[in-house]
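I've got one structure to walk through, so let me put it up on the screen.

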Amino acid sequence: MENQTNFEQNIARLIKKTIHLEIESDTIDPEAPLYSEGLGLDSIDILEISVALTKEYKVTINSEEEITSDIFMSLRTLSRYVQNSMSSESDVLLKDEIVS
């Protein structure tokens with residue numbers, strides 16, 4: 001198992017808390033699949049995690065996007081998506097501040 005980054009640890013704790021996982025968040029392999037053979041998450045779990053991410057990080061994951069399964073492929077891909085979305089939002093806010 002690879003080590004989790006600090007941000008991946010935060011996302012893993014959010015996943016554990018949101019869907020009440022019975023394993024410790026630090027035992028989630030960041031490269032392991034979140035669906036089926038990995039953590040065994042289903043579509044309801046993914047929806048609940050998406051809502052929690054929106055509340056915690058102000059990141060919106062459109063459930064109709066074809067890339068949703070790619071985003072939730074692993075803890076690592078999910079964490080990267082959230083981080084990238086947060087930086088994109090910051091860039092937009094910064095540009096708005098400069099224009100104003």
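Let's start with the lining of the largest pocket: by class, that's three nonpolar, two polar and four charged residues. For the classes, Ala, Val, Leu, Ile, Met, Phe, Trp, Tyr, Cys and Pro count as nonpolar, Asp, Glu, Lys and Arg as charged, and the others, Gly among them, as polar. Before I go on, this is a predicted model, so local features need pLDDT of at least 70 and side-chain atom pairs pLDDT 80 or more, while totals for chains, interfaces and linings use all residues. Numbering runs from 1 along each chain as its sequence is written, and side-chain values use heavy atoms, with hydrogens and water left out.

Back to the pocket. Its space comes to about 150 Å³, that being the volume filled by probe spheres set on grid points joined across faces, edges and corners. A pocket here is an open set of points on a 1 Å grid over the protein atoms alone, where a 1.4 Å probe fits, with protein on both sides within 12 Å along at least five of seven lines; lining residues have an atom within 4 Å of a point. Which helix gives the largest share of the lining? That's H1, with five residues. H1 and H2 (43-57) each supply at least two; helices are DSSP runs of H or I, at least four residues, numbered from the N terminus. Among the lining residues are Arg13, Lys17, Lys55 and Glu56.

On H1 (residues 6-19), have a look at Glu8. Is Glu8 buried or exposed? Buried, because its relative accessibility is 3%; the cut-offs are under 20% for buried, over 50% for exposed and partly exposed in between, with a 1.4 Å probe and protein chains only. The Glu8 side chain makes a polar contact with the side chain of Arg76, at 2.6 Å. That term means a pair of N or O atoms within 3.5 Å; within protein, one must be able to donate a hydrogen and the other to accept it, and residues adjacent in sequence count only if both atoms are side-chain atoms.

Now H2. Asp42 caps its N-terminal end, with a side-chain oxygen 3.1 Å from the backbone nitrogen of Ile44. Ile46 sits in this helix and is buried, at 5% relative accessible area. Leaving out residues up to four places away in sequence, Ile46 touches Tyr35, Leu41 and Phe72, where contact means heavy atoms within 4.5 Å. Just after H2, Lys58 takes a positive phi of about 60 degrees.
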